[in-house]
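Here is a dialogue for someone meeting this structure for the first time.

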Amino acid sequence: MATFSVNSERLLGHIRELGTIGRESDGRLSRLALSDADRLGRDCLVSWIRAAGLDVAIDQIGNIFGIWANDKNRDQPPVMLGSHIDTVINAGIYDGCYGVIAGLEVIQTFKDADVRPDRPIVVASFTNEEGVRFSPDMMGSCVYAGGLDLQKALATRGTDGAILGSELNRIGYAGNYTPGFLHPAAYLELHIEQGPVLERTGTSIGAVADLQGISWQRITIEGQANHAGTTPMAFRSDAGYVAARIMTFVHDRASASEASGVATVGTIAFEPNAINVIPSRATLTVDLRNPDEKRLLKDERSLAEFLSRLQTTEHVKIQAEQLARSSPVTFDPEIVALIEDVASSRGVTSRRMTSGAGHDAQMLSAIAPTAMIFVPSRRGISHNPDEFTSDEALVEGANVLLEVVRRLM
């Protein structure tokens, strides 16, 4: 088959157009899952899928699929490409969206070249990958892969009190297809790195070999509110101080570890939150990540033991709630090697990588051979309006995806 390339103008134009949808009055981009802004983004994507001549299918959790098939290959398992288009609050324009738009562009490029694949090719946009409004994250792909019960997911209550299933109906994206109705022969996800490694090493393509395991917990500390000036230090049940101890513990443990684990306290709130009152309650979240399941379990146990000791020594009550938990994932070694080979054949550098972020690919890996392709992200910034990847890198990544799919189909 002759060498050909994606339509860079169409690819970049779609990325930028989708990046205008969900802009608030202050210019911030926010398309939280199943919001009105998400509906507008979905409408835009579906219009592009239909304009490309693909069949549109929407399943009961709201995942969107653009299907390119013909009478001769319709019964074959498809090659699936995808990611998500929901965003965090005050987002950049690339995270997730690039993978969906590039997947659609790959199919359009094949169609433009009159390629006739032996199996269908599908582009997928999965619901609620970010998990900002509804928890857990990666919900649509998790339901699709059988890791989360559909009815439980539909009953999820969001941070604003909305019920997920009701919101799907409200925005018109409660589909009829059963999640998992297509069983892919392979799944590929193209993404910006969301880290600094490719840029700092001058590497063009990341062949992602595995994903870190993730443990999210919400920790609630119950102390005793009291006067900040009249209560001696030895007589306090200070929920704020205990929260600080926890923050220091997880940071110091991750920093001292020889392994590649990381730990983050991402949110914290005090009650009554007054300058002259000892906090009676503190609520914080802890995000633990490690590419090794045994080490992740050890980190979780160490945190639990530390919380137990704090209850005794600081005279508080502590409750830890698991918000999300996923084990490390190893991607298909043959597809990872194929990505490296394609990069080499195109004369660009590549390296094998571990992804520190969660992606829909980790859910799809439970049902199909899966891998990811990374392109450089300036200064590693993501989940931020300063998120940036050059046009040249975006096009190169899409062309690598194009060739990998060609060899798989």
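This is a predicted model: local features need pLDDT of at least 70, side-chain atom pairs count only at pLDDT 80 or more; totals for chains, interfaces and linings use all residues.

Q: Into which domains is the chain divided?
A: Domain bounds come from an automatic or database domain assignment. Here domain 1 covers 8-211 + 329-408. Domain 2 covers 213-326. Their centres, taken over C-alpha atoms, are 34 Å apart.

Q: How many residues does each domain bring to the contact?
A: Contact means heavy atoms within 4.5 Å. Domain 1 gives 9 residues and domain 2 gives 8. On the domain 1 side, 3 are nonpolar, 5 polar and 1 charged. For these classes, Ala, Val, Leu, Ile, Met, Phe, Trp, Tyr, Cys and Pro are nonpolar; Asp, Glu, Lys and Arg are charged; the others, Gly among them, are polar.

Q: What area is buried between domain 1 and domain 2?
A: Buried area is the accessible area (1.4 Å probe) that two parts lose on being put together, summed over both. For this pair of domains it is about 550 Å². Carbon and sulfur atoms give 51% of that area.

Q: How many salt bridges are counted in the model?
A: A salt bridge is a side-chain nitrogen of Lys or Arg within 4 Å of a carboxyl oxygen of Asp or Glu. The count comes to 26. Between domain 1 and domain 2 the count is 0.

Q: Where in the chain do R218 and E321 lie?
A: R218 is in strand 7 (residues 213-222), and E321 is in strand 12 (residues 317-326). They are 103 residues apart. Their side chains meet in a salt bridge at 2.8 Å, N to O.

Q: Is R218 buried, partly exposed or exposed?
A: Buried means under 20% relative accessible area, exposed over 50%, partly exposed in between (1.4 Å probe, protein chains only). R218 has 33%, so R218 counts as partly exposed. E321, at 38%, is partly exposed.

Q: Which peptide bonds are cis?
A: The bond from S135 to P136 is cis, with omega near 10°. P136 sits in the loop between strand 4 (121-125) and helix 4 (139-144). A cis bond also joins E271 and P272, with omega about 5°. P272 is in the loop between strand 9 (262-271) and strand 10 (277-278).

Q: What is the phi of N273, and what is that of H315?
A: Phi of N273 is near 65°, a positive value in a residue other than glycine. N273 is in the loop between strand 9 and strand 10. H315, not a glycine, has a positive phi of about 60°. The place of H315 is the loop between helix 9 (293-314) and strand 12. N273 counts as exposed at 60% relative accessibility, and H315 counts as exposed at 54%.

Definitions and conventions: Residues are numbered from 1 along each chain as its sequence is written. Side-chain values use heavy atoms; hydrogens and water are left out. Helices (H or I, at least four residues) and strands (E, at least two) are DSSP runs, numbered from the N terminus.
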